[in-house]
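Hi everyone, thanks for coming. Let me put today's model up on the screen, and then we can walk through it together.

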Amino acid sequence: MKIAIITDSNSGITQIEGKEKGIFVLPMPFMINGTTYFEDIDLKQPQFYDMLEDGADISTSQPAPASVTDLWDSLLKEYEAIVHIPMSSGLSSSCQTALMLSQDYEGKVWVVNNQRISVTQRQSVLDAVEMVQKGYQADQIKEKLEEVKFESSIYIMVDTLKYLKKGGRITPAAAALGTLLRIKPVLQIQGEKLDAFSKVRTLKQAKTVMLAAIQKDLENRFQDPEARNTHLEIAHTQNQEAAEEFKKELSVIYPETDIVICPLSLSVSCHIGPGSLALACSKKVEC
């Protein structure tokens with residue numbers, strides 16, 4: 001069966017990488033100072049951060065339903081079925097919209113609600129590509145990915161409280177006090193939502209906290225303390241140097257595991273700003 005794999009740009013998969021890997025990437029729209037931009041089409045990472053730091057009014061949106069169905073209709077002229085992997089339904093309504101739209105496609109479009117975003121969503125897409133190559137049917141790929149949807153974690157150190165305050169996630173008073181005390185919150189994404197996890201004051205402390213959290217997940221949730229059957233990922237917002245250094249440290253602890261570095265998706269970045277660093281894990285799919 002000829003199956004197309006679609007995701008959105010929240011996965012961190014660029015248009016170029018998508019073409020190289022045979023993945024179709026739906027760009028996420030952003031409204032910036034009243035103008036609509038599309039991620040990785042006319043809104044690149046450096047441009048986005050320049051606008052963010054200049055205080056631009058930025059809001060995210062889901063793809064227009066017509067953009068989704070137009071892509072599906074185009075691909076179904078060549079493919080027999082589609083597996084569509086959007087960002088977590090707990091973080092955006094785009095997944096629910098896609099699920100609703102798919103009902104008109106009589107089993108040709110399978111929307112995966114596997115509660116992931118950024119590097120863990122990216123891994124789900126790569127897993128789907130592998131399953132297509134191994135002969136899985138579209139419904140089997142959806143079922144397999146949803147079976148493991150909660151077997152992933154992301155921990156994110158936020159370098160500045162400015163954008164959490166701007167987005168209303170913390171009060172101005174809490175932001176002022178946190179800035180005075182040099183607090184760097186560590187947030188977590190476990191499936192459906194972005195939550196507070198810990199508070200630190202230095203990057204070194206943040207890495208220690210995130211590493212301890214991942215080690216606990218590997219031991220208790222995944223029963224894989226050496227990460228032999230778990231993907232490890234590092235993500236960041238304009239913090240490549242720190243990400244590379246963190247990778248070196250992790251490679252000593254987990255020498256048999258490939259560790260991927262990717263930028264955090266802009267949908268997350270607009271709420272946390274530049275300078276963040278994240279550590280993620282996702283259990284390998286047996287296929």
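A quick word on what you are looking at. This is a predicted model, where local features need pLDDT of at least 70, side-chain atom pairs count only at pLDDT 80 or more, and totals for chains, interfaces and linings use all residues. Residues are numbered from 1 along each chain as its sequence is written, and side-chain values use heavy atoms, with hydrogens and water left out.

Let's start with the sheet. When I say helix or strand, I mean DSSP runs numbered from the N terminus: H or I over at least four residues for helices, E over at least two for strands. Two strands count as paired if DSSP finds at least two bridges between them. Here we have an open sheet of four strands, in the order S2-S1-S6-S7, with parallel pairing. Strand S2 (23-26) and strand S7 (109-111) stand at the edges with a single partner strand each, so one side of each has no neighbour in the sheet. From one strand to the next, the twist averages 25°; angles here run from 0 to 180 degrees between N-to-C directions, with axes as lines fitted to C-alpha atoms, for helices over the stretch in contact.

Now look at S6, residues 81-85. S1 and S6 pair in the parallel sense over five bridges, and Ala4 has Ile82 as its bridge partner in S6. Towards S7, three bridges join the parallel strands S6 and S7, with Val83 partnered by Trp110.

Is S6 mostly covered or mostly open? Mostly covered: five of its five residues are buried. Buried means under 20% relative accessible area, exposed means over 50%, and partly exposed is in between, using a 1.4 Å probe and protein chains only. Ala81, Val83 and Ile85 point one way from the strand, while Ile82 and His84 point the other way. Helix H6 (residues 138-147) lies across strand S1 (3-8), S6 and S7, at about 0° to S7.

On to the cores. In soluble globular proteins, nonpolar side chains tend to be buried together. A nonpolar core here is a set of buried Ala, Val, Leu, Ile, Met, Phe, Trp, Tyr and Cys residues joined through side-chain atoms within 4.5 Å. The largest one has 32 residues, and among those touching the most other members are Phe30, Phe48, Ile156 and Ile272. Several elements each supply at least two residues of this core, including strand S3 (29-32), helix H2 (45-53) and strand S8 (152-157). A second, separate core of 24 residues includes Leu211, Ile234, Leu279 and Cys281.

Next, the aromatic rings. Rings of Phe, Tyr and Trp (its six-membered ring) pair if their centres lie within 6.5 Å; planes under 30 degrees apart are stacked, over 60 edge-to-face, and the rest tilted. By this rule, the count comes to five aromatic pairs. In one of them, Phe24 and Tyr79 have ring centres 5.9 Å apart and planes at 80°, so the pair is edge-to-face. Phe24 lies in strand S2 and Tyr79 in the loop between helix H3 (65-75) and S6, so the pair ties together parts 55 residues apart in sequence. Phe24 is partly exposed at 27% relative accessibility, whereas Tyr79 is buried at 16%.

Trp72 and Tyr105 are also edge-to-face, because their centres are 5.2 Å apart and their planes stand at 90°. Both of these residues are buried. There is also an aromatic cluster formed by Phe30, Phe48 and Tyr49.

Finally, our two single residues. Gln121 lies in helix H5 (residues 118-133) and is buried, with a relative accessible area of 0%. So what does the Gln121 side chain make a polar contact with? The side chain of Thr7, at 3.0 Å. A polar contact is a pair of N or O atoms within 3.5 Å; within protein, one must be able to donate a hydrogen and the other to accept it, and residues adjacent in sequence count only if both atoms are side-chain atoms.

Ser152, in strand S8, is buried at 5%. Leaving out residues up to four places away in sequence, Ser152 touches residues including Arg116, Arg221 and Cys281, where contact means heavy atoms within 4.5 Å.
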